[in-house]
Amino acid sequence: MRDRLATLPIAVALDYHGNIDASTIRNADVAVAYRHSPHIDMGETGERAATALVRMIESGRRPGLAIARPDIVIPSIMSATSLEPLATIIAEARALEAAGDCDISLMAGFSYADSVNTGMSVICLDWDGVEAAQRKADALCARLRNDRGALSSAVPVTSVTEAIADVEMRPASGGPIVLLEHADRMNDSTHVLRALIGRDVGRVHVPFLLDPQAAIAAADVGVGSTMTVNLAGRSDPATGGPLSVDAKVVWAGQKSYTVSGRYQRGSLVDLGATALLDIGPIRVSVVSHFAFAVDGDPFTIFGERPEDYDVILLRSKTHFRDFYEPVASRIIVVDTPDLGPADVRLISYQQLDTSNVWPWNAHQSNQNKTTHSGEVK
Ligand SMILES: [Zn+2]
């Protein structure tokens, strides 16, 4: 295929969470990825790809394109680009770009996809040729490998019990506490919500819990009525299973809105049948379509604000940080026995050969040099 397209330049703009190897970009002349997670630079990434493509066409020169893989798999929560040591290594990539004619993409990979190339990678596009590109990609790869223990443990992760005890002991002050049920992959897990019911932690909001049946049931009984409902937890047993609750219907109807946050700003979101349910001091918005609760929109569409609550239960991995880091008084990452665990060693990969990949090879590394196997969790 590529032979027939040999004269046709190909540029690709990639998600920072792509699992990429040399074969993935073999047919590309230009490959660049998002530089931020939260992904606030989707437009700029397209512009970088297009700029390189136009330069290639106008100059008649093909840039060198190289990739290196550090053999590291990190959970998505550790891939936020504001976290250390990742932020420092990314800054080093920017410094290499400032010193040379190149574009470097550090890619986190996506550990919850099982493929032969699951894991981090570094792509370098260099107008000084492929050797310069490979040299820079290899150098950054070595940096990632050196810091792999710290990369895997960039934020503390707590159990549900620890998280609830923490909130009870130190209530919200100066902004809501964000509880991050990050291991939920379908927006319908019930582990943390179940643990919050009956606890004295103030006003709680649980935005965009996926449960079309509950949303329709709420519309049927009507606003002001109380219903007994099996809530969420139906996509997989790992979600914690449905939660039987008595809920008062505060609002019910169809809902759609335009995203105001920097992640996917301007996109139209159709939530379908939607309802606001009160379970005591816990307000849950149940929706019929999967939607990202990562900014203030889940509140403002109902005339509320995040600041109206003491505790907000989110299911994001990194995208929530752009809006919630300034708003939240604390962020507590909660690990649950769910489909997207913080300890990637709990995932049974069929395609990925983990034998020489961090953190599976942590014990081997320990014999050679100081590493951080104890910090992987
Ligand atoms: Zn991504």
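**View 1. Strand β12, buried on both sides.** Ile282, Val284 and Val286 point one way from β12, while Arg283, Ser285 and Val287 go the other way, and all are buried. This is a predicted model, where local features need pLDDT of at least 70, side-chain atom pairs count only at pLDDT 80 or more, and totals for chains, interfaces and linings use all residues. Numbering starts from 1 along each chain as its sequence is written. Buried here means that 20 or more other C-beta atoms lie within 10 Å of the residue's own; with 12 or fewer it is exposed, in between it is partly exposed, and the C-beta atoms are placed from the backbone. Strands (E, at least two residues) and helices (H or I, at least four) are DSSP runs, numbered from the N terminus. For β12 the tally is 6 of the 6 residues buried, so the strand is largely enclosed by the rest of the structure.

**View 2. The neighbours of β12 in the sheet.** Two strands count as paired if DSSP finds at least two bridges between them. On one side, β8 (residues 204-210) pairs with β12 (residues 282-287) in the parallel sense over 5 bridges. Look for His205 opposite Arg283, and for Leu209 opposite Val286. β11 runs antiparallel to β12, and 5 bridges join them. Here Leu277 has Val284 as its bridge partner, and Leu276 stands opposite Ser285. β11 and β12 make a hairpin with 2 residues between them, and Gly280 in the turn has a positive phi of about 60°.

**View 3. Strand β8 and the whole sheet.** What about β8 itself: how many of its 7 residues are buried? The count is 7 of the 7, so β8 too is largely enclosed by the rest of the structure. Zooming out, 9 strands form an open sheet of mixed pairing, in the order β6-β14-β7-β13-β8-β12-β11-β10-β9. β6 and β9 (226-231) sit at the edges with a single partner strand each, so one side of each has no neighbour in the sheet.

**View 4. Helix α5 and what covers it.** Ala163, Ile164 and Val167 are the buried residues of α5 (residues 160-169). They span an arc of only 95° around the axis, going by the directions from the helix axis to the C-beta atoms, which puts them on the same side of α5. An α-helix has 3.6 residues a turn, so residues three or four places apart point the same way. Turned away from the buried side is a face with the exposed residues Thr161, Glu168 and Met169. The cover over the buried residues includes β6 (157-158), β7 (177-181), α6 (191-196), β13 (311-314) and β14 (330-334).

**View 5. Leu179 and the largest nonpolar core.** A nonpolar core is a set of buried Ala, Val, Leu, Ile, Met, Phe, Trp, Tyr and Cys residues joined through C-beta atoms within 7 Å. The largest one has 100 residues, and Val122, Ile123, Leu125, Ala137 and Leu179 touch the most other members. Strand β11 (residues 268-279) gives the most to this core, with 6 residues. At least three residues come from each of domain 1 (11-152) and domain 2 (160-334), with the bounds taken from an automatic or database domain assignment. Contact means that the C-beta atoms of two residues, placed from the backbone, lie within 7 Å. Apart from neighbours within four places in sequence, Leu179 is in contact with Ala163, Val192, Val311, Leu313, Ile332 and Val334.

View 6. The centres of domain 1 and domain 2 are 34 Å apart, taken over C-alpha atoms.

View 7. Most residues other than glycine have a negative phi, and most peptide bonds are trans. The bond from Ser37 to Pro38 is cis, with omega near 10°, and Pro38 lies in the loop between β2 (30-33) and α1 (42-59). From Glu84 to Pro85 the bond is also cis, with omega near 5°. Asp71, not a glycine, has a positive phi of about 60° and lies in the loop between β3 and α2.
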